[in-house]
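I opened my notebook to check one structure, feature by feature. Here is what I looked up, in short entries.

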Amino acid sequence: MQIKRGECLEHGINPKAVYEFIKRCEDEKLGVNSFMLIKDGVVVSEGYHNPYTNSTKHVMFSLSKTITAIALGYAVDEGKIGLEDSICKYFGEYDRLGFNKPITMRHLVTMTAGKMIGMAASRKNKDWIKIFFDAPYVFKPGRHFLYVNDNFYLISAIISKVYGVTLVDFLKPRLFDPLGIEDPVWEVDKFGYAAGGWGLYLSIEDLSKIMLCYQQGGKWEGKQVIPAKWVEESSSYQVPTNKKGHVDVTMGYGYGIWQISRPNSYRAYGLHGQLGYVFKDKNTVLVVNSGVSKDEFTGDAVNDMLETLWDEGDEEYDAILKEYIASLGDKDDLPKQIRNRKLELDYNQKPLMTRSSVFASMISPTISTVMNEKIGNIDRFILSLDKDYNYYLAWKEGEYVNKVKLGMENEYEKTDIKLAGLDYTVYTKAAWTDEKVLTVLVRIGQACHVRKLIFDFTDEKHIKVRNIMDPALPELATHYLDFSGMPLSPKLESFLEGVVVPAVLLYGQPTFKIKRK
């Protein structure tokens, strides 16, 4: 069940504004993977970088919070949970003395619970509920906005405990099935509780349906799917947010939804540029999936586009926009070089042994550090050929061994793999970028990053595999502090980039030093 398709000019959208937005995203390398613009309930423009399509499942990061908030809206509407209920009503066994009794469901969903739990720590096989209840207060509940992922994890856990089902199963008959959203995936803890504040995977079409449903007051095809009262409350100003930082995180917060600088508008937001905008007075929705470190630049590009988006357009730019979108092509480009058959045969099926940290995973640390199953610790790579000289890469990481086919003609090869108990689709390509240097690109479709592995055989006694992730994790530190309303001074930012970043890279993105068997 797809959203209907139409044309910009037919629905009062200026194609020049859309063209300039997409071109800016490309010129400034903002990492946009896909976008969908909807006016009057009709998709008027959309674009995808191969291998992404309208049905590719994509990590939502913190945009997951918006969906968790919707789940809470159903529970409130059905009278099973109250916004003024204390969290101790549902998990009192974690707090016999009532230390957490002042925290209500409203505090959780508005980010005003007053606790800083700390998402940087690995939580493998730990009781996340206990972590929340044992954490100290930073502020009195309700006093200040404090962006903490764990608030929405606890909402998820409480809903699952009350209803006795997973969050996905809870939402299936209420939200996913009515909107025709198939096979949503949500990372869970050891109790089966969905992460809530992160860990959801949806396609851009799925997300667009949810945002369009919001724009229509919770209705889909004439039927009330999300309670109208919840749509209104959750998308309205409920609490003040930070006074500093990017403009669109300073305008206030609803229930899992941000107010933005444009009047009568709001957005759902996730790390690396997962964006869902609703412009109420313009009957317009914009959804973007990206992979970029400083995603506030994408927000700036959107805001600039809005200045002329609803101006009168012309047919010339309608054609220019369509032609430009059609030319977007691959996310990753490699030169077609002559293959080094000798090295390929010399190292065929020979394990390249290495040692690395728990953070060295094919999956971005922004995902892998909160997974419940073991992941990371890549300890070997194996390059191999088949009888037709197709080239493959296998690696062992944690308890999993995966093997992917490498596209050697600058064309993606698609492979299904499993990491940390979750199924992923991987798109891979490779090329000999120098006589003795093999560059391999590994793009996990559901994630928003690409892993570049550069196998350097120049000195065969000391083979190295350079490991580069884009977007890079360390760059997120300054972004997160700015996002939280605590921008760094130039001196501290220099220290972070010069001292802290190299230390993080050493563990999260190490250069693999090969020990030959």
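**Entry: Asn377.** I am working with a predicted model. I started with Asn377 and asked: is Asn377 buried, partly exposed or exposed? Its relative accessibility is 36%, so Asn377 counts as partly exposed, between the cut-offs of 20% and 50%. Asn377 sits in the loop between helix H13 (365–368) and strand E13 (378–385). I checked the backbone too. Phi of Asn377 is near 55 degrees, which is positive in a residue other than glycine.

**Entry: Met111.** Next I looked up Met111. Its phi is near 60 degrees, again a positive value in a residue other than glycine. Met111 is a loop residue, between helix H4 (105–109) and helix H5 (128–134). I then looked at its accessibility. Met111 is at 0%, so it counts as buried, the cut-off being under 20%.

**Entry: a cis bond.** I went on to peptide bonds. The bond from Asn50 to Pro51 is cis, and its omega is near 15 degrees. Pro51 belongs to the loop between E2 and strand E3 (58–59).

**Entry: the sheet.** In what order do the strands of the open sheet lie? I read E2-E1-E11-E10-E9-E8, 6 strands with antiparallel pairing. At the edges are strand E2 (42–48) and strand E8 (258–259), each of which pairs on one side only. I reminded myself what pairing involves. Strands of a sheet pair through backbone hydrogen bonds.

I then picked one pair. Strand E1 (residues 32–39) and strand E11 (residues 284–290) run antiparallel and are joined by 7 bridges. For Leu37, I found the bridge partner Leu286 in E11.

Which elements does helix H1 touch on the sheet? Helix H1 (residues 15–27) packs there against E1, E2 and E11. The direction of H1 makes about 165 degrees with that of E1. Helix H8 (residues 204–215) packs on the sheet as well. H8 touches E1, E2, strand E9 (265–270), strand E10 (274–279) and E11. Its direction makes about 150 degrees with that of E11.

**Entry: helix H7.** Then I looked up their neighbours. Just after H7 comes Gly180, with a positive phi of about 70 degrees.

**Entry: H2 against H6.** Two of those neighbours also pack on each other. I noted the two values used for such a pair. Packed helices are described by the angle between their axes and the distance between the axes. For H2 and H6 the angle is about 35 degrees and the axes are 10 Å apart. Their crossing is left-handed. From H2, the contact uses Lys65, Thr68, Ala69, Ala71, Leu72, Tyr74 and Ala75. From H6, it uses Phe152, Ile155, Ser156, Ile159 and Tyr163.

**Entry: cysteines.** How many disulfides are there? I got a count of 0 disulfides. Cys8 has 1% relative accessibility, so Cys8 counts as buried. Cys88 has a relative accessible area of 16%, so Cys88 is buried too, under the 20% cut-off.

Conventions. Residues are numbered from 1 along each chain as its sequence is written. This is a predicted model: local features need pLDDT of at least 70, side-chain atom pairs count only at pLDDT 80 or more; totals for chains, interfaces and linings use all residues. Side-chain values use heavy atoms; hydrogens and water are left out. A disulfide is a pair of cysteine sulfur atoms within 2.5 Å. Buried means under 20% relative accessible area, exposed over 50%, partly exposed in between (1.4 Å probe, protein chains only). Two strands pair if DSSP finds at least two bridges between them. Helices (H or I, at least four residues) and strands (E, at least two) are DSSP runs, numbered from the N terminus. Contact means heavy atoms within 4.5 Å. Axes are lines fitted to C-alpha atoms, for helices over the stretch in contact, and angles run from 0 to 180 degrees between N-to-C directions. A crossing is left-handed if the near helix is turned anticlockwise from the far one by less than a right angle, and right-handed if clockwise.
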